[in-house]
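Subject: Structure handover

Hello,

Here is the structure I promised to pass on. Please open it alongside this message. My notes follow below.

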Amino acid sequence: MHTVCLDLRFEGVSAVQLVQHYKAIELCSATGTEAGEILDFAGISPSRRERHLPVVLRSASGSGFVVCLRVTAERGGEDLFGSGAGPGDRTVVWSTRP
């Protein structure tokens with residue numbers, strides 16, 4: 001069995017707070033109070049918040065977040081640094097924007 005990497009592409013990043021290593025990562029859009037706290041941390045004004053997406057990354061090794069305009073998760077390749085798969089070898093697993 002081959003290990004397949006999941007590449008996360010964040011576009012239009014405004015703020016980041018991550019841990020050094022994620023083990024068995026869970027990726028989801030922040031909602032409610034959590035989203036408000038993240039957007040406050042990022043310094044996003046209330047009038048611009050609808051354009052920004054607070055994405056939470058959780059795992060047993062820690063949690064963090066990215067505030068961006070769009071995020072895409074692509075499956076493809078076995079190279080941990082993303083150089084092993086060309087665009088035709090990738091499959092979009094999840095993509096969202098506000």
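Cys28 has a relative accessible area of 19%. The cut-off for buried is under 20%, so Cys28 counts as buried. Cys68 is buried as well, with a relative accessible area of 0%. Disulfides in the structure: zero. For reference, such a bond would be a covalent link between the sulfur atoms of two cysteines. Keep in mind that this is a predicted model.

Now the overall layout. The protein chain has one helix and seven strands. Read from the N terminus, the order of elements is β-β-β-α-β-β-β-β. Of its 98 residues, 31% count as buried.

Strand β4 deserves a look. It covers residues 53–59. Six of its seven residues are buried, so the strand is mostly covered. β4 has two pairings to check:

- With strand β3 (residues 26–29), β4 pairs in the antiparallel sense over four bridges. Leu27 stands opposite Leu57 in β4.
- With strand β5 (residues 62–68), β4 is joined by seven bridges, and the two run antiparallel. Here Pro54 stands opposite Val67 in β5.

Next, the open sheet. Which order do its three strands take? The order is β1-β6-β7, and the pairing is antiparallel. The edge strands are β1 (6–11) and β7 (91–96), each of which pairs on one side only. On average, neighbouring strands of this sheet are turned by 15° against each other, direction ignored. Within the sheet, β1 pairs with strand β6 (residues 70–75) over six bridges, in the antiparallel sense. Leu8 stands opposite Ala73 in β6.

Last, the surface. Val13, Val16 and Leu18 form a nonpolar patch there. Together they have about 250 Å² of accessible area. Val16 sits in strand β2 (residues 15–17). Is Val16 buried, exposed or partly exposed? Its relative accessibility is 46%. Buried needs under 20% and exposed needs over 50%, so Val16 counts as partly exposed.

Best wishes

Conventions. Residues numbered from 1 in each chain as written. Predicted model: local features only at pLDDT ≥ 70, side-chain atom pairs only at ≥ 80, totals over all residues. Heavy atoms only, no water. Patch = residues over 30% accessible without salt bridge, like charges linked within 9 Å, V, L, I, M, F, W, Y side chains within 5 Å. Areas by Shrake-Rupley, 256 points an atom, 1.4 Å probe, with all protein chains shown as cover. Salt bridge = Lys/Arg side-chain N within 4 Å of Asp/Glu carboxyl O. Buried < 20%, exposed > 50% of the residue type's maximum accessible area, 1.4 Å probe, protein only. Disulfide = S-S within 2.5 Å. Pairing = 2+ DSSP bridges. Axes fitted to C-alpha atoms, helices over the stretch in contact; angles between N-to-C directions.
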